[in-house]
Number of protein chains: 2
Amino acid sequence: MELSNRQQRMYDFIRSFTEENQYPPTIREIGEAAEISSTSVVNYNLNKLVEAGLIERNKEVSRGIRLQDAMARILPGRNIPILGHIAAGQPITVFPESVEAADTLDLAVDVVSRHEGVYALRVQGDSMIDALVDSGDLVILNAQNTANNGDMVAAWLPEREETTLKYFFREGNSVRLQPANASYEPIVLPASQVEIHGKVIAIVRRLD
Amino acid sequence: MELSNRQQRMYDFIRSFTEENQYPPTIREIGEAAEISSTSVVNYNLNKLVEAGLIERNKEVSRGIRLQDAMARILPGRNIPILGHIAAGQPITVFPESVEAADTLDLAVDVVSRHEGVYALRVQGDSMIDALVDSGDLVILNAQNTANNGDMVAAWLPEREETTLKYFFREGNSVRLQPANASYEPIVLPASQVEIHGKVIAIVRRLD
DNA sequence: ATTTGACTAGAACACTCGTTCGTGTTACAA
DNA sequence: TTGTAACACGAACGAGTGTTCTAGTCAAAT
């Protein structure tokens, strides 16, 4: 579809206005900028821009215009829910998903873009201290139910109703959950008694 | 300034709503989300958020709310340049700012919003290993030329033309730069020979 | 006990804004 | 010419929306 002169002018204005003001213009603001006296004309051409796939409109909503391709550029990272804490020392009985997301961590597209179902947990305890994961750190996890040997994972132990952060090792029909702290013993269980809930893909520690 | 529970809730909603819809919410939409029946209360707390510097408002304009750090979203702010590496072991002679930003780390407003001039450095060496900062980690720094005792800082040593990552301690007219590794000795220099270039506010480690 | 300040409520007002409708204009084909 | 389709115009309607006013609650200070 080809854009008329007017439509091009309107589209350009919407772009620059949105970039400048952080919110889209109204129909009348567009009309003024494009020297169109009638709001219905703006409305008409706005629908043409929708047909052309350049914008989206939310009906009956003021400034309900969304630039279609600018989304990826302006829309940044994702809000990763911090679901709760995870045990790195003595396992705790609170399962992360039962905790309401109280806080959010805004993380980067670069870090999480390739993953689906990313979430974060705050570490409690020092069982992974030798892996340089301290109590209080945030671990960013990719939700998945399998893991490779050596992955740092969040494992759910149904028998104990515990979630714990450990290194994962498959040994025949068993699974060894290995802490990174000499003072803790590895947990060895039949594979059927271990559910992998996520693999750690990043660690974030705030100092301030 | 401290945010009340309500104000925090409103702010969070404005953030998520704006991210999702590409335009800011109305007063009533905010009220509904924060369970506030009165628009005047929303208006009142909105002004508090302005005072707190979290948002800007355009008066008499629908949806005239601008997230203050939104600029950081479109412009570089949110894209933290990874300027280069920083020595945590043997100091290296490459000064971070002379290195072209080759990669970027997309970090969160939550983590960096309150800071100006945030940048990241990739750690080389193991001198801060006892502080759980490993070689290869990214340290997120706030650009500043002063520091408090105990802060982890990036220090530029003009005499040696070195930048190094250490704990900062002021001792009279001297400055002690303390590694977190028993195998390394602290560096003690006259304060005039130490330039603080930034304080570490976060640490990010990617595992994948 | 009184006052002050911070905060909340509800209602009313006036302007904003998307929508719709009737009408006009122009270009092009039959 | 006639008809049709695309496009434009202006006005009016009604819901959306920011603002303002009065009043109330509560805790801390006087």
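Student: What makes a residue one of the 24 around DNA strand D?
Tutor: A residue is near a strand if one of its heavy atoms lies within 4 Å of it. Of the 24 residues around DNA strand D, those that come nearest are A:Ser37, A:Ser38, A:Ser40, A:Tyr44 and B:Arg63. This is a predicted model, where local features need pLDDT of at least 70, side-chain atom pairs count only at pLDDT 80 or more, and totals for chains, interfaces and linings use all residues. Residues are numbered from 1 along each chain as its sequence is written, chains are lettered from A and ligands numbered from 1 in the order in which they are written, and side-chain values use heavy atoms, with hydrogens and water left out.

Student: Which atom type of B:Ile27 lies 2.8 Å from a phosphate oxygen of DNA strand D?
Tutor: A backbone N or O atom.

Student: How do you know that B:Lys48 makes a polar contact with DNA strand C?
Tutor: The distance from a side-chain N or O atom of B:Lys48 to a phosphate oxygen of DNA strand C is 3.4 Å, which is within 3.5 Å, so the pair counts. For B:Ser40, a side-chain N or O atom is 2.6 Å from a base oxygen of DNA strand C.

How values were computed
A polar contact is a pair of N or O atoms within 3.5 Å; within protein, one must be able to donate a hydrogen and the other to accept it, and residues adjacent in sequence count only if both atoms are side-chain atoms.
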